[in-house]
Amino acid sequence: MKKIILAATAVVTLSVPSMLSAAEGVEIPKEEWTFNGVLGGYDRAQLQRGFQVYKEVCSACHSLNYISFRNFEALGYSEDQVKSLAAQYEVEDGPNDAGDMFKRKAKPSDRLPKPFANEQLARASNGGQLPPDLSLITKAREGGPDYVYHLLTGYEQPPAGFVMNPGSNYNKYFPGHQIAMAKQINDGTVTYADGSSNDAAHIAKDVTAFLMWAAEPKLEVRHSTGLRVTLYALIFAVLAYLSKRRMWKNIPH
Amino acid sequence: MSTEKSAWRKAFEWHEARLPIVSWLDHSLGTKYPVPRNLNYWWNFGSLAMFMLAVMIFTGIFLAMNYTPHVTLAFDSVEHIMRDVNYGWLIRYMHANGASFFFIVVYIHILRGMYYGSYKTPREVLWWIGLLIYLAMMATGFLGYVLPWGQMSFWGATVITSFFSAVPGVGHAIVTFLWGGFSVDNPTLNRFFSLHYLLPFVIVGLIFLHVWALHVPGANNPLGIDAAPADKIPFFPYYVMKDVFGLGVFVVIYFIAVFWFPNALGEPDNYIKANPMQTPPHIVPEWYYLPFYAILRSIPNKLLGVIGMFSSILIMFGLPWLDTSRVRSATFRPVFRVFFIIWLLDVLMLGWVGSQVPEGLPLILGPIGTVWYFLHFLVILPVVGWLETPKPLPVSISQSVLQAAE
C-alpha cells in the first residue's frame, strides 16, 4: 500500500509537471561537445575529470549500474590504475564455504557499488524521491547531454509568485521547474589535479561528458567504423551507377 | 571437342533435371522475367524492402543469441548487447533503425502503387498480399518494440493491447488472454518474443506469394498501360543492376542514421527500465503508427475509435473497387493527382497530430484529418473516377519512350 502511495505521489510530482513543460517548451541551448561531429570522440582528460566529479559529488546518491571498474580503461587509465582504483572500494561477495557473505576489495570485473542497498532506502534518504541511475541518463532524457548540462547549471531563484512544493528546488530546465535534487555543482566544488578550470560551468561540462561516455561507451568506434563503412557504400553506389548507365546505354527507357 | 560438355555442366544438368531451382530463379528474377523498360526509380523500393527484411532477420538472429526475454533481465541484456557483446551496439542499432527504414521503404512502395494504380485489375490479389505483409510488419514492429522492456515498451504494450478491451462483452477476456495474466508482465514479454521471432518468417512466406502474384500479370509501369513483349527487357541484368545502384544509395542513408543518429527515431523514455508503477507523461507509439494512432484518438468513443483505426488500413483492401477509374497511372489523371497529394498531406498531418499531446491545435486537426481520410476513399475516389476526363493514353510504352528520346 505504501509503495502504491509512493508511486502515486511520484506520478503526480513527476509526470504532471512534465506535461506542463511539454506545453511550455523550455528551449534547451545546444552546447559544443567533443563527441559531436562525424569523427567526434571523447577527451580522455575531460572524462577523467568528469569521473572525479561523479565520484566526489554524484555517487553519494546516484548509481552507475552498468559500469564496471574494467570499463575505466577507456578513460585512459592503465590496467594497474584500474586495479588500484577498484581496490579503494569494498563489495559484498559470497556466500563462502561457511555460507556467509563477506566483504572484499573490489576487482576490475566488479560493477561500481551502489550508494543505496535498495530503492526503498534510496527514497527514504532522499525525501521520498529516487535518484535515477546515471548509466543512461544522457540518452534517457529529451535533449540528451545538452539537457543534463543545463539542468546541472540551471538552478535559479523561482520567479515571483511561483509556488514551490516543500523540499523542491527551482530549476529552469527541469520539466515543471521543481526538482528534488538541490544544486550540487558550484564554483570550486571539486579541485582538479591537472589544474583545469573548476568553475561550475566547467565541472558540469566535464561530468556531463563523462556521463555521455557512460551511456555511449562505443561512440568512438561507431563513428570511425561508420565513416569507413559509409565511404565504402558511397564508392559502391558510384560504381553501381556507372555500371548501370553503361548497361542501359542502348536501351531506350 | 567443342560439343563435349564439361563435367560441371553435366552435373548441373543432372541436378536441374531433378530440381530445376536455377531455372526457377531465372524465371523469377533472372533473364526469363520480362519487365517493362520504362520503370522509374520508384520501382526500386520493392527490392529494397526485401533487402531490409533480410537485414532485420539477420541482425535479429544475432540479437536473440544475447537477449533474455524476462522482465528482470530484458533491459539489462539489451545494455549487455550494447556494451559487452562484440559489435553488439552495431547489431542492435542496425535492427532498431532497420525497423524504421523498413517502414520508410515499404511506405514509399505502397505510395508508388497508389500513385501509379498498381492495385487495379488484374493486380488486386497482388495488392492484397502486399497489405497483408504490411499488417504483419505492423504486428512484428509492435512486438519487437516491447522487447527492450523500457518505459515506452511497457506502456506502449499496455495501451495497444488495451484496444481489444473495447470489444463488447468479451473485450477484457481477450486482453487477459493476450497478456497471459492480469497486466502486461513476464508471460506477455515471453509470448511477444516468441511471436516477434515467428512473424518475420510469415512475412517471408507472404513475399513468395507477393512475387508469385506479381509474375502472373507482370509489373505495372509509370504509364499504367499494358506492356507488349517489345516493351519489355529481362530483369537480369538490367533491373538487377538498377536495384544494386538503388541499394547503394539507400544503404548510405541507412548507415548515416545507424552510425551518427542511432537514437534520433527512438524515444528517450525507452532508455528507462519499464516501471509498472510510473506512467510516462506522454505515451507515443513508434512513428510509423502515428497516423493511425491519431485516427484512434480523434474518435471520442473507444470502440468506434478502435474500429476507425483498423478500418483506416482495412479500407485499403477495397481500393481496387473504390477507385472507379480504369486509367491506372496518375500521370494521366489530373484531378486524381491533386486529391492524391491532398490525401498524402492529410496522412502526414495525422502523423504529426499523433505525435502531439492531445490539446490545442492537434485536437482540432485530428478529427478533420480523420474525416478527410475516409472521405477520400469512400467519396472522392469513386466520384473522381466517374467524372474525371483522363488525358489521352499513349498507344504503347515503346512509342512513348521513343518520343521522349527524340
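Mentor: Before we start, two residues are in contact if their C-beta atoms, placed from the backbone, lie within 7 Å. This is a predicted model, where local features need pLDDT of at least 70, side-chain atom pairs count only at pLDDT 80 or more, and totals for chains, interfaces and linings use all residues. Residues are numbered from 1 along each chain as its sequence is written, while chains are lettered from A and ligands numbered from 1 in the order in which they are written.

Trainee: OK, so how many residues does the contact take from chain A and from chain B?

Mentor: Chain A puts in 34 residues and chain B 33 residues. On the chain A side, helix H7 (219-247) supplies the largest share, 15 residues. That side splits into 20 nonpolar, eight polar and six charged residues. Here Ala, Val, Leu, Ile, Met, Phe, Trp, Tyr, Cys and Pro count as nonpolar, Asp, Glu, Lys and Arg as charged, and the others, Gly among them, as polar.

Trainee: What ipTM and pTM does the predictor give the complex?

Mentor: An ipTM of 0.92 and a pTM of 0.93. Chain B averages a pLDDT (the predictor's confidence in each residue, from 0 to 100) of 96, with 99% of the residues scoring at least 70.

Trainee: Why are H2(A) and H6(A) called roughly perpendicular?

Mentor: Helix H2 (residues 44-56) and helix H6 (residues 200-215) of chain A pack at about 100 degrees, with their axes 7 Å apart. Angles under 35 degrees count as roughly parallel, over 145 as roughly antiparallel, 65 to 115 as roughly perpendicular and the rest as oblique. So the pair is roughly perpendicular. Among the contact residues are A:Phe51 of H2(A) and A:Trp213 of H6(A).

Trainee: And what makes H5(B) roughly antiparallel to H6(B)?

Mentor: The axes of helix H5 (residues 88-115) and helix H6 (residues 124-146) of chain B cross at roughly 160 degrees and come within 11 Å. That angle therefore puts the pair in the roughly antiparallel class. The residues that meet include B:Phe102 in H5(B) and B:Tyr134 in H6(B). By class, this contact has seven nonpolar, three polar and no charged residues.

Trainee: How do you know whether B:Ala74 is buried or exposed?

Mentor: Count the neighbours: a residue is buried if 20 or more other C-beta atoms lie within 10 Å of its own, exposed if 12 or fewer, and partly exposed in between. B:Ala74 has 22 within 10 Å, so B:Ala74 is buried. B:Ala74 sits in helix H4 (residues 74-83) of chain B. Not counting residues up to four places away in sequence, B:Ala74 touches several residues, including B:Pro69, B:Trp149 and B:Leu189.

Methods:
Axes are lines fitted to C-alpha atoms, for helices over the stretch in contact, and angles run from 0 to 180 degrees between N-to-C directions. Helices (H or I, at least four residues) and strands (E, at least two) are DSSP runs, numbered from the N terminus.
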